[in-house]
Amino acid sequence: MLRLAIQKSGRLSEDSLKLIRECGISFITSSLKLKTESTNFPLEILYLRDDDIPGYVADGVADIGIVGQNVLVEEGKQALTVEKLGFSKCRLSLAVPKSDQYESVQDLNGKNIATSYPNLLQAYLNEQGVEAHIHTISGSVEIAPSIGLAEAICDIVSSGSTLISNGLKEVERVFKSEAVLIANDTLSEEKRRILDKLLFRIQAVQRAQKKKYILLNAPNDKLQEISDLLPSIKSPTILPLAEHGWSSLHSVVNEDDFWEIIEKIKDAGAQGILVIPIEKMIV
Ligand code: PRT
Ligand code: ZN
């Protein structure tokens, strides 16, 4: 059985559980439980504080874990990153009071900076050749300038609204992060095989999330033009409609190109366009 550590409650929890469920892995959750076993896959889930996950994986208490790259790098524990998971995207940024004059990172020389990420911040300051005083605090970092604890902060930013509501402006991006699947670097062969199975499913789920299935009707003389606009896995599926001279065309499109493609195929004569989410995609 493979042991997976995920965050018990916080910003990573819901998406971590959702991903495991989308992989067809069933388990019973309870807010009181600290671990559960899957009923249909050799997986045990441990629920932990996110900060503890890299250490548990490095020590082999858990075999794999889901954690933000910010926490993984900050903790500096030995663990392999096996897959980027694409959720909980955020950045670690430096911010100063909105009214401050700020030209470059050199302005932070000799300043006090409050953060919960001293290691990531120190590495960045070293790289930039800046000497500043780092004050490590565990939370409410954004209020540090207004209470006189520091002139600048270094904290996680997502939408940026927390900075704005605290009268701060983002001035430098220190680190980009998203959730990743990590693994202990000395897994047994049997556990590695289970991890490979899990990874195969995760990749199928992730591939599907970026794609949409598209169905449309078109007159036969427009099919070639429309097909050329639709980059599909191999080539689009074309089925004749009951109405003479018309066909139904099925294909897969990238979510990113989606609106641009829709406009073009409409202009080319496509009608009755349906766009459907894909649950899993095996290639
Ligand atoms: O209790 P536990 O220790 O497990 O959880 P935690 O409180 O330490 O972490 P949690 O649940 O807040 O975050 C878990 C992970 O989610 C982080 O390590 C990041 O990898 C990721 N993540 C993504 C975020 C955010 N987005 C985020 N916006 N982590 C924190 N924030 C906070 C940030 O600290 C700031 O206070 O949200 C605020 C900024 O958000 P915006 O949208 O206003 O910019
Ligand atoms: Zn934490």
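**View 1. Q7 in strand 1, and its side chain.** Start with Q7, which has its place in strand 1, residues 2-7 (helices are DSSP runs of H or I with at least four residues, strands are E runs of at least two, and both are numbered from the N terminus). What you're looking at is a predicted model, where local features need pLDDT of at least 70 and side-chain atom pairs count only at pLDDT 80 or more, while totals for chains, interfaces and linings use all residues. Residues are numbered from 1 along each chain as its sequence is written, chains are lettered from A and ligands numbered from 1 in the order in which they are written, and side-chain values use heavy atoms, with hydrogens and water left out. Is Q7 buried or exposed? Q7 counts as buried because its relative accessibility is 10% (buried means under 20% relative accessible area, exposed over 50%, and partly exposed in between, with a 1.4 Å probe and protein chains only). The side chain of Q7 makes a polar contact with the backbone nitrogen of L12 at 2.8 Å, and another with the backbone nitrogen of R11 at 3.4 Å. A polar contact here is a pair of N or O atoms within 3.5 Å; within protein, one must be able to donate a hydrogen and the other to accept it, and residues adjacent in sequence count only if both atoms are side-chain atoms.

**View 2. Ligand 1 and the oxygen contacts it makes.** R11 turns up again here, as a polar backbone atom of R11 lies 2.8 Å from an oxygen atom of ligand 1. Which distance separates a ligand 1 oxygen from an N or O atom in the side chain of R49? For R49, that distance is 2.6 Å. On its own, ligand 1 has 830 Å² of accessible area, and the protein covers 78% of that (areas come from the Shrake-Rupley method with a 1.4 Å probe; for residues, only the protein chains shown count as cover).

**View 3. The pocket and the shell around ligand 1.** Where does ligand 1 sit? Ligand 1 is in the largest pocket. To find pockets, a 1 Å grid is laid over the protein atoms alone: a cavity is a set of points where a 1.4 Å probe fits but cannot get out, and a pocket is an open set with protein on both sides within 12 Å along at least five of seven lines, with lining residues having an atom within 4 Å of a point. Sitting in one takes more than half of the molecule's atoms within 2 Å of its grid points. There are 21 residues around ligand 1, and those that come nearest are R49, N70, S159, G160 and T162 (a heavy atom within 4 Å is what counts as near). Helix 3 (69-75), strand 9 (152-157) and helix 5 (161-165) each give the shell at least two residues, with strand 9 supplying the largest share, 3 residues. Sorted by class, the shell holds 5 nonpolar, 10 polar and 6 charged residues (Ala, Val, Leu, Ile, Met, Phe, Trp, Tyr, Cys and Pro are nonpolar, Asp, Glu, Lys and Arg charged, and the others, Gly among them, polar).

**View 4. S165 in helix 5.** S165 has its place in helix 5. S165 is exposed because its relative accessible area is 60%. Its side chain reaches the backbone oxygen of T162 at 3.2 Å. Compare S165 with A123: they sit 42 residues apart in sequence and 28 Å apart in space, C-alpha to C-alpha.

View 5. R91 belongs to strand 6, residues 90-97, and at 16% relative accessibility R91 counts as buried. A polar atom of the R91 side chain lies 3.3 Å from the backbone oxygen of S158. Y47 is in strand 3, residues 43-48, and is buried too, at 8% relative accessibility.

**View 6. Two loop serines with positive phi.** S88 is in the loop between strand 5 (80-84) and strand 6. What is phi of S88 near? Phi of S88 is near 55 degrees, a positive value in a residue other than glycine. S88 is partly exposed, at 24% relative accessible area. S140, found in the loop between strand 8 (133-136) and strand 9, isn't a glycine either, yet has a positive phi of about 45 degrees. At 46% relative accessibility, S140 is partly exposed.

**View 7. F200 in helix 6.** F200 has its place in helix 6, residues 189-209. F200 is partly exposed because its relative accessible area is 49%. F200 and C23 are 177 residues apart along the chain, but their C-alpha atoms are separated by 9.1 Å.
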